[in-house]
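The following note sets out numbered remarks for a colleague who has the sequence and the structure at hand. Each remark takes up one topic.

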Protein chains: 2
Amino acid sequence: MNNALQEARDRFIHFWGEMGSKWGVGKTMAQIHAVLMIGEEPLSTDDIMNELGISRGSANTNLRGLVDWGLIRRVFIKGERKEYFQSEKDVWNMFCRIARERKKREIEPVIDTLQECLGIAGKEKGSVLFRERLDQLLDLVKTLDYLLGKIAQQERNAVIPRILKLLA
Amino acid sequence: MNNALQEARDRFIHFWGEMGSKWGVGKTMAQIHAVLMIGEEPLSTDDIMNELGISRGSANTNLRGLVDWGLIRRVFIKGERKEYFQSEKDVWNMFCRIARERKKREIEPVIDTLQECLGIAGKEKGSVLFRERLDQLLDLVKTLDYLLGKIAQQERNAVIPRILKLLA
DNA sequence: TAACACTTTCAGGAAGTATTGAAAGTTATG
DNA sequence: CATAACTTTCAATACTTCCTGAAAGTGTTA
């Protein structure tokens, strides 16, 4: 493999790792994702360990994490006992999976908790302002949750161009 | 202040802190934000220290952080030498500020880096697949960046209802 | 059932991140 | 200009999060 390409790949992997930590995904997990995303063939746990110089434990944990996110899947190769992993390659599908997963894991619980806080606060006079603020917040979160859910259900071409047009 | 309200406030502050760490904002910073968001009056650094039981250094650092994000502002109270802080109270404005700031700090650099990687990779045959993937990614990120920028410019009622209708 | 190939778990340690508290810096007041 | 009121900085430390590597677990083959 030529040098320039190798450098570009490494830089992308490194960068994707940085992004991961910023967005609460974990550096190593993001790096593994990057490796699988830009590689053609499915890779085994050992391949990943070698490529990134990480331990078996870490490789295993993070690969499982990525499977849970729905960003990679296990593939079975005939004649091989090892498990191999392969990334979702379509970027829009990737986006949808992340969106759906974050919605479920992080946005829906926000809604629950805000409602709980409102419940506890009750309706006494002293709580008017508190409730006002939380109501507003709840309303926006619910709307965004709904939007994200809808968008992440569709084909890219079915939705993005129309929103672009709307905002133009 | 009645107990139920106090508990609701505490729970909200605690919860907002947790959300903060999940989204890469820092627990304490998010808690301070929560305190200011649900409080009416502007608060001083000492008020914050007492309310959350944190050190002066931490209060100072995190308050500055929040000012940088544009989520709170310094206010001057006549006859007082201390600085007071007050939160943006409108939830849609909050959202827009966060969106604009993350766009600038985190999304735009992604675009630059992806382009850089593509530049390094060059146009040899071996890099076709790599480029394909990064091109796709770059395209999506650019689109989302543009969308977020547009949305975060508008009044809530000017944009959300129309997108909702579009997706209905 | 014994040896093998592979995966998962987890206690302990390394690396990274946030907080403290005291000292230095700044600005206002008499 | 000296003192007081307040803010900022930063080295040391506490905390959290992540990774390692060895051991245990699981299933397969001969």
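1. Shared surface. In this predicted model, 100% of the interface residues of chain A are interface residues in chain B as well, so the copies meet through the same surface. The contact draws 45 residues from chain A and 45 residues from chain B. On the chain A side, at least two residues each come from helix 1 (3-22), helix 2 (27-38), helix 5 (91-121), helix 6 (128-151) and helix 7 (156-167). By class, the side of chain A that touches chain B has 27 nonpolar, eight polar and ten charged residues.

2. Symmetry. How is chain A laid on chain B? A turn of 180 degrees with a shift of 0.0 Å along the axis does so, and the RMSD is 0.1 Å. The two copies are therefore related as by a two-fold rotation axis.

3. Helix 5 of chain A packs with helix 6 (residues 128-151) of chain B at an angle of about 50 degrees, and their axes are 9 Å apart. Because of this angle, helix 5 of chain A counts as oblique to helix 6 of chain B. Which residues meet here? Helix 5 of chain A brings Val91(A), Trp92(A) and Phe95(A), while helix 6 of chain B brings Gln136(B), Leu137(B) and Leu140(B). This contact of helix 5 of chain A with helix 6 of chain B comprises five nonpolar residues, one polar and no charged.

4. Surroundings of DNA strand D. The surface near DNA strand D takes at least two residues from each of helix 2 and helix 4 (56-69) of chain A and helix 4 (56-69) of chain B. Its residues divide into one nonpolar, ten polar and six charged.

5. Surroundings of DNA strand C. Around DNA strand C there are 19 residues, and those that come nearest are Glu83(A), Thr28(B), Ser55(B), Gly57(B) and Ser58(B). Helix 4 of chain A, helix 2 (27-38) of chain B and helix 4 of chain B each supply at least two residues of the surface near DNA strand C. One nonpolar, eleven polar and seven charged residues make up that surface.

6. The sheet of chain A. Chain A has an open sheet of three strands in the order 1-3-2, with antiparallel pairing. Arg74(A) has Phe85(A), in strand 3 of chain A, as its bridge partner.

7. The sheet of chain B. An open sheet of three strands, ordered 1-3-2 and paired antiparallel, is present in chain B. Strand 1 (43-44) and strand 2 (72-75) of chain B are its edge strands, each pairing on one side only. Strand 1 of chain B runs antiparallel to strand 3 (residues 84-87) of chain B, and two bridges join them. Opposite Leu43(B) stands Phe85(B), in strand 3 of chain B.

Conventions: Residues are numbered from 1 along each chain as its sequence is written. Chains are lettered from A and ligands numbered from 1 in the order in which they are written. This is a predicted model: local features need pLDDT of at least 70, side-chain atom pairs count only at pLDDT 80 or more; totals for chains, interfaces and linings use all residues. Two residues are in contact if their C-beta atoms, placed from the backbone, lie within 7 Å. Helices (H or I, at least four residues) and strands (E, at least two) are DSSP runs, numbered from the N terminus. Ala, Val, Leu, Ile, Met, Phe, Trp, Tyr, Cys and Pro count as nonpolar, Asp, Glu, Lys and Arg as charged, and the others, Gly among them, as polar. A residue is near a molecule or strand if its C-beta atom, placed from the backbone, lies within 6 Å of it. Two strands pair if DSSP finds at least two bridges between them. Copies are superposed by least squares on the C-alpha atoms of residues with pLDDT of at least 70 in both. Axes are lines fitted to C-alpha atoms, for helices over the stretch in contact, and angles run from 0 to 180 degrees between N-to-C directions. Angles under 35 degrees count as roughly parallel, over 145 as roughly antiparallel, 65 to 115 as roughly perpendicular and the rest as oblique.
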